Amino acid sequence: MGKKVLIVDDAAFMRATLKDVITKGGFEIAGEAVNGKDAIEKFKACTPDIVTMDITMPEMDGLEALKQIVKINGSAKVIMCSAIGQQANVLEAIKSGAKDFIVKPFQPERVIEALQKAAG
Amino acid sequence: MKVEYVNPFIESASLVLEEIANLKSERGQLKMKDLNGPFRDVCAILGVIGQVSGQVIYGFDEQTAKNIVSRMMMGAEVIEFDEMTRSALGELGNIITGKASVGLEEAGYPIEISPPTLVMATNVRISSLKIPMIVVPLDTECGVIDIYIGLQESS
């Protein structure tokens, strides 16, 4: 039984790209969310094993969604996947409970490596 | 407008275009944008807030935009501007700006970026923009990409 991943990104293009990379890496897709608020609802509904989370999104950004998801489930495995690789962002994400931080543009192998590490 | 604001975008665009579109680019002559002149037909607009604020706009002709998205999708044919095409262009702008934000932070100008807005129209004039903009033209096999950079130091 493959581990299930919830993909969170406001760009349809990025969700499609990640879906392709993730399924080729042997994981299943639990669902997709288009912003932070949607991510929290889908997290509760789909109970994914891992979440990939963009940061820059409308309505609620990924850092805020990360904090709320970690409040819902302290052992949630959230991997940030964002274009903004500024050190302050990375540090805040890790401090708030993210397991890893992937900077776009990414190599598919980096994504799989992060998912495998999170899957444990 | 300072040259320090511009360099991170030039470096970032070159790297990102190669990585996600397998596209080499050559920088053309920088110029100031005519405040009243139009932008290119397809524009991905990114808002910037922080130590410097304003807007960065990635402009393409329609065919150039389709050519670039096709490269981003491993050569898949792009016939019309559907949600996926528009999303890909927005994401290109997002990733270039995101990477540039690291360079800006290192230069002492940390910023935050808004989600992208895509505008498609001929003769686009954006009247809300009063900040002088530098235009960085990037020559590529797919056509020219104009990066319009309008940033100023926040008071």
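A:Glu113 and A:Arg110 are joined by a salt bridge, with their closest N and O atoms 3.6 Å apart; the term stands for a side-chain nitrogen of Lys or Arg within 4 Å of a carboxyl oxygen of Asp or Glu. Because they sit 3 residues apart in helix H5 of chain A, A:Glu113 and A:Arg110 are separated by about one helical turn. A:Glu113 is partly exposed at 40% relative accessibility, and A:Arg110 is partly exposed at 26%. Here buried means under 20% relative accessible area, exposed over 50%, and partly exposed in between (1.4 Å probe, protein chains only).

The model is a predicted one, in which local features need pLDDT of at least 70 and side-chain atom pairs count only at pLDDT 80 or more, while totals for chains, interfaces and linings use all residues. Residues are numbered from 1 along each chain as its sequence is written, chains are lettered from A and ligands numbered from 1 in the order in which they are written, and side-chain values use heavy atoms, with hydrogens and water left out.

Over all chains, the search of the whole structure finds 18 salt bridges. One of them pairs A:Asp54 with A:Lys104 at 3.6 Å, N to O. A:Asp54 lies in the loop between strand E3 (50–53) and helix H3 (62–72) of chain A, and A:Lys104 in the loop between strand E5 (100–103) and helix H5 (108–119), so the pair ties together parts that are 50 residues apart in sequence. Helices (H or I, at least four residues) and strands (E, at least two) are DSSP runs, numbered from the N terminus. Both A:Asp54 and A:Lys104 are buried.

A:Lys104 also reaches the partner chain: B:Glu91 forms a salt bridge with A:Lys104, the closest N and O atoms being 2.6 Å apart. Across the interface of chain B and chain A, 1 salt bridge is found. A network of salt bridges links A:Asp9, A:Asp54, A:Lys104 and B:Glu91.

What does the rest of this interface look like? The contact (heavy atoms within 4.5 Å) takes 23 residues from chain B and 19 residues from chain A. The two chains bury about 1,600 Å² between them, 62% of it on carbon and sulfur atoms; buried area is the accessible area (1.4 Å probe) that two parts lose on being put together, summed over both.
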